[in-house]
Amino acid sequence: MEIGPMHNCKQRQVLLFFVLLSMSGAGAELGPYSVVEEMERGSFVANLGEDLGVGVTELTTRGARIISHGNKEHLQLKAQTGDLLVNEKLDREELCGSSEPCTLHFQVLLEKPLEIFQAELRVEDINDHSPVFTEREMSLQILENSPLGNVFPLNNALDLDVGCNNVQNYKISPNPYFRVLTRERSDGRKYPELVLDKELDREEEPELKLTLTALDGGSPPRTGTTQVFIEVVDVNDNAPEFPHSLYKVQMPENSPVGSLVVTVSASDLDSGANGKVSYSLFQPSEDTSKTLEINPITGDIQLRTQLDFETVQSYEVDIKAKDGGGHSGKCTLLLQVVDVNDNRPVVTMSALTSPIPENAPETVVAVFSVSDPDSGNNGKTVSSIQEDLPFILNPSVKNFYTLETKRALDRESQAEYNITITVTDLGTPRLTTEHSITVLVSDVNDNAPAFTQASYTLLVRENNSPALHIGTISATDADAGTNAQVTYSLLPPHDPQLALASLVSINADNGQLFALRSLDYEALRAFEFGVRAADRGSPVSSS
């Protein structure tokens, strides 16, 4: 399509624009926030406290923090004010290349209780790059008998900026023979075409030197120039012609290097050198040059490197056929990369709580996210854990899950759980990732000591020596640590006339009983007393 006269991009009147979309608990979304590239570190983006509807103190006590994708922390949260700030200068071209919009995804995590908010930051382009031609001079050979209206493709300029800051228009220096048209490819790139408006006469003017200027949409626009050298060639009546203007090919991304993509062929009705055609890729992008190669004689186009759907989904390049007399024709190759299931799901653990106390009600044990860079069903995943565990997986926000207990746990039944998180995609063949975690159960003093016998009968000969060891009682406690350490003591006798404290004593640590004085059978043939066992963790006891 032809692009009309260039219109300057409207100037941005504000640098920051943000909208609070939702705050309905876990899974709410913030933003999108917007910031202009190259802003200084510490520049204000938004106040998260206001957007979340919480005060600065609550942000601090709930452990608010930013979770970013990848290794770079582009944003920082100032806890004292709740302000979201730029952590480093953002270069939109470095972050996103030619992709638009340039969006950085992050999460705001609030603990106690747990809430996760999805957010995104859009990095807006500024016009900080000028159009650049890859060649200082372009050379064309044009037959002197070329029909009026003939179109000659020229190399386009490159501009790292996007949108209206990219190349919008081309101009050619004033001359009586040619004008330039600005065309647009399917991916939005603008390229120039030279149009013949007046017949050429090699004998009158054998060569022309023109200046081609590329203008972007900034205000004022940035420009780049190159020289166009035109050699007027004597009669070569026919140019190479392709039978199809567009070759559309689909190839799976796991096609081996060297695979044939397509064979193009152009015919030229001339004879000799004027009818001998050679093929080349016309101004391919860097990705295309690394990926495709063409045999200049046969027109076979083959893979130079492995395709990767997750990196580049399609390639579009013009194929130039040139005969020995300088005439050329072109067609376009559109190679669409077909995704195959070649990436396993990735599990990223965000939070893990271990140990967890027994007897606690349903508790969040872990928070994790699942990602798979494949597309369609190849990128859809199903997560699960073992069925015989007292835990359950609950989906949270986008690709996030929480691992929670189904019920209160009992340490005395099981003190440790080995949990395997299994994530399987829905592609063909299905790929699986397993991530194992260990959850410990901490003890709560929920068991009283229990005696090994309900009653003890002790026999002592009279006239014994004082402090004689007359027996040992024993109690056990199913709890752990301090909660399981048992102490022993004598209970007051049922007979108030019995001076128990003068007759026996008990070792509080091991339950050993001692006769405190010599006993007289004729005075006291038998007596009964109780013993209390208690642990050191709580007043729970047995007697």
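**Briefing: charge, core and backbone features**

Glu 231 lies in strand β14, which spans residues 223–233, and with a relative accessibility of 34% Glu 231 counts as partly exposed. The structure described here is a predicted model. On its surface, Glu 231 gathers with Asp 201, Glu 203, Glu 204, Glu 205, Glu 207 and Asp 234 in a patch of negative charge. The points below take up the nonpolar core, the salt bridges, and the backbone and loop features in turn.

**Nonpolar core**

- The largest nonpolar core holds 28 residues, and of these Tyr 33, Leu 52, Phe 106 and Leu 121 touch the most other members.
- Two or more residues of this core come from each of the strands β1 (29–36), β2 (44–47), β5 (83–86), β6 (102–110) and β7 (115–124), and likewise from helix α1 (48–52).
- Among the contributing elements, β6 gives the most to this core, with five residues.
- In soluble globular proteins, nonpolar side chains tend to be buried together.

**Salt bridges**

- The structure holds 13 salt bridges, and one of them joins the side chains of Arg 62 and Glu 115, with an N to O distance of 2.6 Å.
- This pair links distant parts of the chain, since Arg 62 sits in the loop between α2 (56–61) and β3 (65–68) while Glu 115 belongs to strand β7, 53 residues apart.
- Arg 62 has a relative accessible area of 8% and is therefore buried, the cut-off for that class being under 20%.
- A salt bridge with an N to O distance of 3.1 Å brings together the side chains of Arg 122 and Glu 120; Arg 122, with a relative accessible area of 33%, is partly exposed, whereas Glu 120, at 19% relative accessibility, counts as buried.
- Glu 193 forms a salt bridge with Arg 183, in which the closest N and O atoms are 3.1 Å apart.
- Glu 193 in strand β12 (residues 190–196) and Arg 183 in strand β11 (residues 178–184) are 10 residues apart, and the pair links distant parts of the chain.
- Within this pair, Glu 193 counts as buried at 7% relative accessibility, while Arg 183 is partly exposed with a relative accessible area of 21%.
- Salt bridges that share partners also join Glu 58, Arg 62 and Glu 115 into one network.

**Cis peptide bonds**

- The peptide bond from Lys 112 to Pro 113 is cis, with omega near -5°, and Pro 113 lies in the loop between β6 and β7.
- A cis peptide bond is also found from Thr 428 to Pro 429, with omega near -5°, and Pro 429 is placed in the loop between β28 (416–425) and β29 (432–442).

**Positive phi values and a loop contact**

- Gln 283 has a phi near 45°, which is a positive value in a residue other than glycine; Gln 283 is found in the loop between β17 (277–282) and α4 (286–291) and, at 19% relative accessibility, counts as buried.
- Asn 399, likewise a residue other than glycine with a positive phi, has its value near 65°; Asn 399 lies in the loop between β26 (391–395) and β27 (400–405), and its relative accessibility of 43% makes Asn 399 partly exposed.
- Ser 518 lies in the loop between β35 (512–515) and β36 (531–535) and counts as partly exposed at 33% relative accessibility.
- The C-alpha atoms of Ser 518 and Leu 468 are separated by 8.9 Å, although these residues are 50 residues apart along the chain.

Definitions and conventions:
Residues numbered from 1 in each chain as written. Predicted model: local features only at pLDDT ≥ 70, side-chain atom pairs only at ≥ 80, totals over all residues. Heavy atoms only, no water. Patch = residues over 30% accessible without salt bridge, like charges linked within 9 Å, V, L, I, M, F, W, Y side chains within 5 Å. Areas by Shrake-Rupley, 256 points an atom, 1.4 Å probe, with all protein chains shown as cover. Salt bridge = Lys/Arg side-chain N within 4 Å of Asp/Glu carboxyl O. Lys, Arg positive; Asp, Glu negative; His and termini not counted. Charge placed at Lys NZ, Arg CZ, Asp CG, Glu CD. Helix = DSSP H or I, 4+ residues; strand = E, 2+ residues; numbered from the N terminus. Buried < 20%, exposed > 50% of the residue type's maximum accessible area, 1.4 Å probe, protein only. Core = buried A, V, L, I, M, F, W, Y, C linked by side-chain atoms within 4.5 Å.
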